[in-house]
Amino acid sequence: MEHVFTPLEPLLPTGKLKYCIVILNQPLDKYFRHLWSKALLRGCADGGANRLYDITEGERESFLPEFINGDFDSVRPDVRDYYASKVDVVVTLGGLAGRFDQIMASVSTLFQAARICPLPIIILQEESLIYLLQPGKHKLHVDTGMEGDWCGLIPVGQPCNRVTTTGLKWNLTNHMLAFGTLVSTSNTYDGSGVVTVETDQPLLWTMAIKP
């Protein structure tokens, strides 16, 4: 079987090849703008975000990547904060069905991501959603009409010594949540449309999505 391919077609003004572009942590050359303008998907690998940020000064809003991946050890803080400010939340689709060990890996990812990503991250699949609440006060709007019947607060990783809630059918008042003592599962809402949670440790919020 013969494979026909024109390697330089992405550089041709009349090229019809569909491609994506990933910017690495190397100096960008004269082909950057042409390749960017025709790419179907645009991203940066770690420090490549610095290169994109620097070369597009004064016109950065026109050069926003769809994704930035890597361990973020070479992305400058100002660059990370700039691109993070362009997104409100990270939504991960999948990871809550099938093997239990893989579900727990998804939960662990939320803890790891909190150290490198300032954005809220939710994971959803089928009829379930999880979201890691950081220590402090949280106000959750639960009046979209897409909420299912149940919700819960799961103290994964370590006990939560003081948890206070409003807006739930069974609220907590400075309660301790921990495996082996109390875990708030199979809870539901009081109809107010707003749930507040105050916690002293990271606490996993989970809720049903209407099928």
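User: How many bridges join β9 to β10?
Analyst: Two bridges join them, and the strands run antiparallel. Strands here are DSSP runs of E of at least two residues, helices are runs of H or I of at least four, and both are numbered from the N terminus. This is a predicted model: local features need pLDDT of at least 70, side-chain atom pairs count only at pLDDT 80 or more, and totals for chains, interfaces and linings use all residues. Residues are numbered from 1 along each chain as its sequence is written, and side-chain values use heavy atoms, with hydrogens and water left out.

User: And what stands opposite V163?
Analyst: H175 in β10 does.

User: What is the strand order of the open sheet of four strands?
Analyst: The order is β7-β12-β9-β10, with antiparallel pairing; two strands pair if DSSP finds at least two bridges between them. β7 (136-141) and β10 (175-177) each have a single partner strand, so one side of each is left without a neighbour in the sheet. Neighbouring strands are turned by 35° against each other on average, direction ignored.

User: Switching to the open sheet of three strands, what's the order there?
Analyst: That one reads β1-β2-β3, and the pairing is parallel. Strand β2 (residues 41-45) is joined to β3 by three bridges. G43 stands opposite F67 in β3.

User: Which helix lies across β1, β2 and β3?
Analyst: α2 does, running at about 115° to β2. Axes are lines fitted to C-alpha atoms, for helices over the stretch in contact, and angles run from 0 to 180 degrees between N-to-C directions.

User: Where is T56?
Analyst: T56 is in the loop between α2 (48-55) and β3 (67-69).

User: Buried or exposed?
Analyst: T56 counts as buried because its relative accessibility is 0%. Buried means under 20% relative accessible area, exposed over 50%, and partly exposed in between (1.4 Å probe, protein chains only). Not counting residues up to four places away in sequence, T56 touches F32 and F63, where contact means heavy atoms within 4.5 Å.

User: Which residues have the most contacts inside the largest nonpolar core?
Analyst: L153, Y189, V195 and W205, in a core of 20 residues. A nonpolar core is a set of buried Ala, Val, Leu, Ile, Met, Phe, Trp, Tyr and Cys residues joined through side-chain atoms within 4.5 Å.

User: Which strand gives the most to this core?
Analyst: β13, with four residues. Apart from this core lies another, of 16 residues, among them L35, L52, Y53 and V79.
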